[in-house]
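Work through the exercises below with the sequence and the coordinates at hand. Each task is followed by a solution in steps.

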Amino acid sequence: MRFLPPSVAAHYAAGGHADVQVLVWITARDRVTGAPQSLGFWSGADHQEIEIAGELRTYYGVGALLGFEPVASVSSAQERVWSLSVSPLHDQVAEAIRLYDARLAPVEVHEWHHDPLTHLPLADPVRVVRGTLMELDIPTPPDGQDSAVTLKVVSDAWRLTQGLTLKRSDEALKARSGGADRFRRYNSLVGINVWWGEASATDAGGGRPRPPVEGPNTGWKDR
C-alpha cells in the first residue's frame, strides 16, 4: 500500500479531486571527468526549485517531461519496469544527452499532490520510485514528425537478480589486500618450497632450490 501524507489522505477522503505532478531526478556522470551530475524534470508548467528531503533541487518543466507510465504500488519485492519520455528539443535535455553518461544512473521519481482549486501543494513530494536507468532510446523520427527520448527505469529490486561474481582480477584482489603480493603466500605451507617456472621444486640433496633452467624444461620426461 502506498503511503500518503495525512493532509493528502484527508483531502482525498473528503472527496477532493487529484492534481498530481510527477518529478524525475537523474544522477548521471560527466563524460569527461566522471563526476556525478544531477538533472531534474517535472510535469509542471515552469522551472522550479523544489525541496526534497531537505535538499533544494531544480526541476525543469515547460515540456521537458512529455509522458510517463502510472506507478503501481506492490507489496512484493519484484522487479518493476517504468517508462517515461522527454523532449530532445528541450535545451536541458539536449545538453544532458551530449555531456552526460546516463547508463545505470540512479533515478528517483516523486509525486507532488496539489489542490486543483487553489493550485497549492497539499504536502511535500512523496517518493514512489527509486531505481536505475537501464535504457535510453533516442530515435530519429521521419520528416515532419516529433521525436521523444524514451527512458526505461528498473526498480532497485533488479539488484536481487544479479548473480555472484565467480572470478576477480588480480588488481581487484590486491586492492582488497592493500596492494600486497599474495602470490607466494602459501607456497611453503607444508615445508616444501614451490619454485614457479623452474626445473623442479627441490633438488635431491634436501630442499635447496635449483637455479632456473636455460632453454626448454624437459625434466618432466624423467619422472
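This is a predicted model: local features need pLDDT of at least 70, side-chain atom pairs count only at pLDDT 80 or more; totals for chains, interfaces and linings use all residues.

**Exercise 1.** Determine how many helices and strands the protein chain has, and in which pattern they follow along the sequence.

Solution. Counting the elements gives 3 helices and 10 strands. Reading along the sequence then gives α-β-β-β-β-β-β-α-β-β-β-β-α.

**Exercise 2.** Describe burial, surface and contacts for the protein chain as a whole.

Solution. Of its 223 residues, 30% count as buried. The accessible surface is about 15,200 Å², and carbon and sulfur atoms account for 53% of that area. For contacts between residues at least 6 apart in sequence, 50% join residues at least 24 apart.

**Exercise 3.** Find out which strands pair with β8, and in what sense.

Solution. Start with β1 (residues 19-30): β1 and β8 pair antiparallel over 8 bridges. Within this pairing, aspartate 19 stands opposite histidine 114 of β8. Next take β9, which is joined to β8 by 6 bridges and also runs antiparallel to β8. Here valine 109 has valine 129 in β9 as its bridge partner. Finally check burial: 7 of the 9 residues of β8 (residues 106-114) are buried, so the strand is largely enclosed by the rest of the structure.

**Exercise 4.** Decide whether threonine 132 is buried or exposed.

Solution. Locate threonine 132 in strand β9 (residues 126-137). Its relative accessible area is 2%, and the cut-off for buried is under 20%. Threonine 132 is therefore buried. Leaving out residues up to four places away in sequence, its contacts include Leu104, Val107, Val153 and Trp158.

How values were computed: Residues are numbered from 1 along each chain as its sequence is written. Side-chain values use heavy atoms; hydrogens and water are left out. Helices (H or I, at least four residues) and strands (E, at least two) are DSSP runs, numbered from the N terminus. Buried means under 20% relative accessible area, exposed over 50%, partly exposed in between (1.4 Å probe, protein chains only). Contact means heavy atoms within 4.5 Å. Accessible areas come from the Shrake-Rupley method with a 1.4 Å probe; for residues, only the protein chains shown count as cover. Two strands pair if DSSP finds at least two bridges between them.
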